[in-house]
Structures are given as structure tokens and as C-alpha cells.
Amino acid sequence: MKLYYFPGACSTAPHIVACEAGVPLELEKVDLGSKRTATGEDYMAVNPKGYVPALRLDDGSVLTEVSALIEYIADRAPASGLIPAAGTMERYRMAEWIGYIATEIHKGFGPLWNAKLAPEARAAAVAALARRLDLVEKVLARQPFLTGQGFSVADAYLFTVASWAPWVKLDMAPWPKLRDFLARVAARPKVQEALEAEGLAE
Ligand SMILES: N[C@@H](CCC(=O)N[C@@H](CS)C(=O)NCC(=O)O)C(=O)O
């Protein structure tokens, strides 16, 4: 399988899941401006949506959307415990978190990447995102990971998007448990492996 990625973008979530699951991945970096890949492929032909991530499967087909990729990769290694079995209530709880992270937190960061955003619009975007992070903070106050005691695909996704805070100048002081979570996840050897492969390790 080949993951089309950009360092530190949301494509890092499926990359972390693959490292944690022990699922081998080939990596191909995408220039999001020119829409060309490192080997010169036309990325729009790979993924007409034009954004990362995309996963080229072994049969040549392409799967897109972070939420689909993290489930697909984790399901290749069920013994890793990164995702509950399909059809169980635990799996729907995981889907609940993945949906929340994708639509409320990942996309909640979106406006903050716009350096030309008017101050009032930025304040409104920060306030909306803060409400979403407040809920995460409450959960992480009672358990180390989103779904309980073990690291899961949802944690890989949350780690990836919440790590954008310094890039968009979001002050994380209101969420100390989330900050602890980020440090705890960053210290995981397989997370370091993914970050190093993307040229992001500290
Ligand atoms: N709904 C998509 C969103 C993907 C997304 O936002 N990708 C960003 C990086 S985190 C991107 O590639 N942006 C560049 C662009 O849209 O041209 C998913 O979940 O995969």
C-alpha cells in the first residue's frame, strides 16, 4: 500500500496508525501547491479531491478520507487493538469519536490556517473550536486515551490535528490534559517513527 501524504498534515494520522499496527506502507509526498507527487505523478489523477491523504491499495484502487483510511489500515491488523471489531458497540463508539474529530476538530482548525482572517472571525472560530476541545479535556481528565486505557485510531487522529495548535497560534493553556495527552502520544516509539519518516521528529 502507498500513502500519499504531506508532512504534519492530516495524512499523519493514517501514517501513525500504520506504524502502530505494523502495517507496511510506502510513502509518497505530495506538493499540495503544484499537485505533483515526489515521483512526478499528477496527484489530481490519483485523488481528484486534490487533498491528502490518499491510500493506493494493493489492487491499484485508491481510498481517500482520513476516517476511512485509519479504519481500513487498523482493520488489517486486528490484534493491534487499535480499533474494535466491526459490528460491536465499541466500534460505533469509535466511529462517534472519529466523526467528532473529523467534523468538529479537524475542520474546526480550518479557518485558523487563514492568515488573512479578520480578528472577529478568528475569535469566533477559536471559540467554536474551544468548545469542542473542552469536551475532549473532560474525557482526558478521567482516562489516558479517548476511548479508555488503550491507544486507538481516534487518538492518532486527535494527536495529529491538535498538534497543529502552535502552527495556528492557538494557545493550549486552557487544556492541560490535552497537552499531557499530546506529550504522551508523541513519546510513543511508533509515533516517533512516523514523525521521523515525515521529517518532523524533534
Ligand atoms: N475530508 C478530508 C480532508 C483532508 C484535508 O483537509 N487535507 C488537507 C491537509 S490536512 C489538504 O490536503 N489540504 C490541501 C488542499 O485542500 O489543497 C479527509 O478527511 O481526508
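Analyst: Thr64 lies in strand β5, which spans residues 62-64. The model is a predicted one. Thr64 has a relative accessible area of 16%, so this residue counts as buried, the cut-off being under 20%. The side chain of Thr64 makes a polar contact, at 2.8 Å, with the side chain of Lys49. Beyond the neighbours within four places in sequence, the residues in contact with Thr64 are Asn47, Lys49, Pro53, Ala54 and Leu69.

The strand itself belongs to an open sheet of five strands with mixed pairing, in the order β3-β2-β1-β4-β5. β5 and β3 (36-37) are the edge strands, each pairing on one side only. The partner of β5 is β4 (residues 54-56): the two run antiparallel and are joined by three bridges.

Next come the charged pairs. Side chains of opposite charge can pair when their charged atoms come close. The model holds 10 salt bridges. One of them joins the side chains of Glu71 and Arg91, with N and O 2.8 Å apart. This pair links distant parts of the chain, since Glu71 is in helix α3 (residues 66-75) and Arg91 is in helix α4 (residues 89-109), 20 residues apart. Arg91 also forms a salt bridge with Asp75, again with 2.8 Å between the closest N and O atoms. Here too distant parts of the chain are linked, with Asp75 in α3 and Arg91 in α4, 16 residues apart. Arg91 is buried at 9% relative accessibility, while Glu71 at 23% and Asp75 at 31% are partly exposed. Elsewhere, Lys2, Glu28, Glu41 and Arg56 are linked in a network of salt bridges.

A further salt bridge, Glu193 with Lys190, has its closest N and O atoms 3.1 Å apart. Both residues are in helix α8, and because they are three residues apart, about one helical turn separates them. Glu193 has a relative accessibility of 39% and is partly exposed; Lys190, with 36%, is partly exposed as well.

The buried residues of α8 (residues 189-197) are Val191, Ala194 and Leu195. Seen down the helix axis, these buried residues fall within an arc of 95 degrees, so they line one face of α8. They pack against α1 (12-21), α6 (153-162) and α7 (176-186). Pro189 and Glu196, on the other side of α8, are exposed. After the helix comes Gly199, with a positive phi near 75 degrees.

Note on methods: Residues numbered from 1 in each chain as written. Predicted model: local features only at pLDDT ≥ 70, side-chain atom pairs only at ≥ 80, totals over all residues. Heavy atoms only, no water. Buried < 20%, exposed > 50% of the residue type's maximum accessible area, 1.4 Å probe, protein only. Helix = DSSP H or I, 4+ residues; strand = E, 2+ residues; numbered from the N terminus. Arc of directions from axis to C-beta. Contact = heavy atoms within 4.5 Å. Polar contact = N/O pair within 3.5 Å; in protein donor to acceptor, adjacent residues only side chain to side chain. Pairing = 2+ DSSP bridges. Salt bridge = Lys/Arg side-chain N within 4 Å of Asp/Glu carboxyl O.
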